[in-house]
Structure formats: structure tokens, C-alpha cells
Amino acid sequence: MTMKNDTLTIAVLPGDGIGREVMPACLALVNAATTMAGAPALAFETHNAGAQYYAESGDALPSSTLEACRKSDAILFGAMGWPDIRFPDGTEIIPQLDLRMELGLFAGVRPIRWFPGLPRVLTDPRAEQIDFVLVREQTEGLFYARGRGEIRNDEEAYDTMQITRSGTERVTEFAFDIARQRKRRGKPGNVTCVDKANVFQSMAFFRKVFDEVADRHPDLTKDHAYVDALALNMVKKPWTFDVLVTENMFGDILSDLAAGLIGGMGMAPSADIGNKHGLFQPAHGTAPDIAGKGCANPSAMFLSAAMMLDWLAAKFDQPTLADAARLMEGAVEHTLSTKLAIPMEYGGNANCAEMTRSVISSLSAARKEVA
């Protein structure tokens, strides 16, 4: 696809809590990195959504915001939700789930990579080799039951899991495409199907469709794992994983566990990808306990924006955007590995502003390393 003009439009949804703090930090870094890389201009347009906006307006995801997301070239998302602000039925305000359904963002991509300078959660020295990708199907699975659950006579509750051939095929194809990209960079090129096929017919069907798709990719390898065994091995030997693909709820749980392996949510980026749209957000929440104190770690937001630049580079054939992404990742790694700044959540003293200044100042060092 070619660019319509010289500028790409990015819908910016800071949201709630620390989302409002890490987003401006991220935009400052993106501007610095794209300028250094000579990349196309990005026009950031900020829009309202989230729990705090719902408390003010009664609308968690305005139609104008949704339409802006549809028209944008990419969506940069902070964090949304607030414990004390809920819908009348008691459920949480989670516009990100609505965006996934409205925009068909079927693939949740969670890269899990350990960065030098971070605390090593696992004592095994091989934990420094952790570098895998979890791909989560996001439009069906058990989350299909959201808004469709049934309570009978205040005695029984039912939520229905949906697994479709089309949904499973497209997310599996997506996972194999990632594995092929990683294989070019020296990774194993293996995709693991994570399911519970020994118990549930829906999961046996998920595995069946996975195997059919895998047969179309003889240049790559595959294997299977039950989700409980996978959770065990994620703690025992996560350095053996390459690409994992799984159902919505399983992916929701495993992605948080995986983030714990690399120090926590402050280092966990993510992307929600569909056929036409891409939304990029840190995996962490709004963190009400530290919101407003300026001490949030913006690294996950930085790395999510780097994922956005890579996606835009591929979509619009603009390699300088990928160059900017490498600069951002390199600057984060340089900051942590040299201990130029250590985030508060890892025992350091660097608050959000100090981390941002340090990472931006490390762009020059990252450029030398990339070159």
C-alpha cells in the first residue's frame, strides 16, 4: 500500500490513569526517533475515550473517536479502565475490547523479550535468552460470551466459548507469518498451538484447524502444548519458545505470566492487529495506585510505539519507519543496560520524565549500534 500523502495520521487515545502520563512521553520519543531516521511525518490526533471520560460524559467510546480510529493509519493507545467507575450492570469500562470487535483486531501480539539491565526473575542464566511471541486470538474464544452470558434463577451461570474455522485459520496464518519473519533473523521458525484439546471439543477443533494451516507451511515447524503444561514450562524453560498461538482467554492469562518473566508489565508491549487496522498499547493497565505521581515506567509504551512503526513501515513500504523503530528499541536497551536510568519499579530512581529524557538521549548511541 502507498501513502496517500506525505503524512501518516495516528489516532492517539491516552485513556485513563498512567495512560495519560506515558503517552506524552511516548510521542516525544517517537518524534525524536522519526526525525533522526528521516522517516515520514506522523500527525498525532488525540481523542477521548475511557472510564474517566465516561464519568464526565456518560460515553466510554464516543462515535467520533471510533470513526477517527477507522480513518487513521494506526492507533496508539495508552490504558483504560478505573476500579471505581463502572457501567450500571457492574462491569468494567473496557473500550479496548469494543475497538477489537469494531475494527476486527483479531491478533493480539505480545513480544516477550528480556533486556540487559533488567532484574532476572528466573535464576537460570538461560533466562537472559527469553525472546518469544505470544499470539492471542481476540475476537472469539471465551471472550465471545462478553455481553451474552446467562444466569438462570440465581443458581447457574453460563458463558459460551466460540471457536470458528475462519477465526482460527486467520490467527494461525498470522502466527506462521511471524515465525517466518523471525526465522529470517535466526530464530527457530516454530509455532506452538496452545490449547486444551484433551478436554474440550472446541479446543480439539482449534488444534485440528491449526494442523491444517501448519501443513501449508512446510518450511516451518510446529508443535502442540496443553495450556496447563505450557504455563509450567513458561516458568521452567521459557527460552525454548519461539511463537505461541492460542485462544482468547488462555492468551489473556498467559500474556500476563509471560510479562512477569521479563520483570513485569512495565516492559511488555503489545499490538492488536486486523486486516486493515492496527492498535498499539502497553500491556499494563491504568495503575490507579501510582497514577498522577509521575513515576510510571514508559518503556512498554515506547516499545509498543516501535511495533507501530514496524507495522506502518511494512504496510506503506517505508523502511525509514522501521529504522526509527530500531532506534527506539536500541535506545531503551542502551538506557537499561548502561543503567543510565533505572525505572522505579525495578528499584531505581528514574520516574517517567527521567526515563523519557534518558531514552531520548540514548538515540544517538542506538544509531551508532544500528549502523
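## Close-up views of a predicted model

**View 1. The loop between H9 and H10, with Asp-317 in it.** Asp-317 sits in the loop that links helices H9 and H10. In this predicted model, Asp-317 has a positive phi of about 55°, although it isn't a glycine. Is Asp-317 buried or exposed? With a relative accessible area of 61%, Asp-317 counts as exposed, because the cut-off for that label is over 50%.

**View 2. H9 against H10, the helices on either side of that loop.** Helix H9 covers residues 299-316, and its axis comes within 7 Å of the H10 axis, crossing at roughly 160°. Angles over 145 degrees count as roughly antiparallel, so that's the label for H9 and H10. The crossing is left-handed. On the H9 side, the residues in contact include Phe-302, Leu-303, Leu-309 and Asp-310; on the H10 side, look for Leu-321, Arg-326, Met-328 and Glu-329, among others. By class, this H9–H10 contact has 13 nonpolar, one polar and three charged residues.

**View 3. H10 against H11.** Here H10 (residues 319-337) packs on H11 (residues 352-361), with the axes 8 Å apart and an angle of about 115°. That makes the two helices roughly perpendicular. This crossing, of H10 and H11, is right-handed. Ala-331, Val-332 and Thr-335 come from H10, and they meet Met-355, Ser-358 and Val-359 of H11. Sorted by class, the contact has four nonpolar residues, two polar ones and no charged ones.

**View 4. Strand S5 and its partners, S4 and S10.** How many of the seven residues of S5 are buried? Six are, so S5 (residues 131-137) is largely enclosed by the rest of the structure. With S4 (residues 107-113), S5 pairs in the antiparallel sense over seven bridges; one to pick out joins Ile-112 to its partner in S5, Phe-132. With S10 (residues 243-246), S5 pairs in the parallel sense, over four bridges. There, Arg-136 has Thr-246 of S10 as its bridge partner.

**View 5. Asn-153, in the loop between S6 and S7.** Phi of Asn-153 is near 55°, which is a positive value in a residue other than glycine. Asn-153 is exposed, too, with a relative accessible area of 72%.

Definitions and conventions. Residues numbered from 1 in each chain as written. Predicted model: local features only at pLDDT ≥ 70, side-chain atom pairs only at ≥ 80, totals over all residues. Heavy atoms only, no water. Axes fitted to C-alpha atoms, helices over the stretch in contact; angles between N-to-C directions. Parallel < 35°, antiparallel > 145°, perpendicular 65-115°, else oblique. Left-handed = near helix turned anticlockwise from the far one by under 90°. Contact = heavy atoms within 4.5 Å. Nonpolar A, V, L, I, M, F, W, Y, C, P; charged D, E, K, R; others polar. Buried < 20%, exposed > 50% of the residue type's maximum accessible area, 1.4 Å probe, protein only. Pairing = 2+ DSSP bridges.
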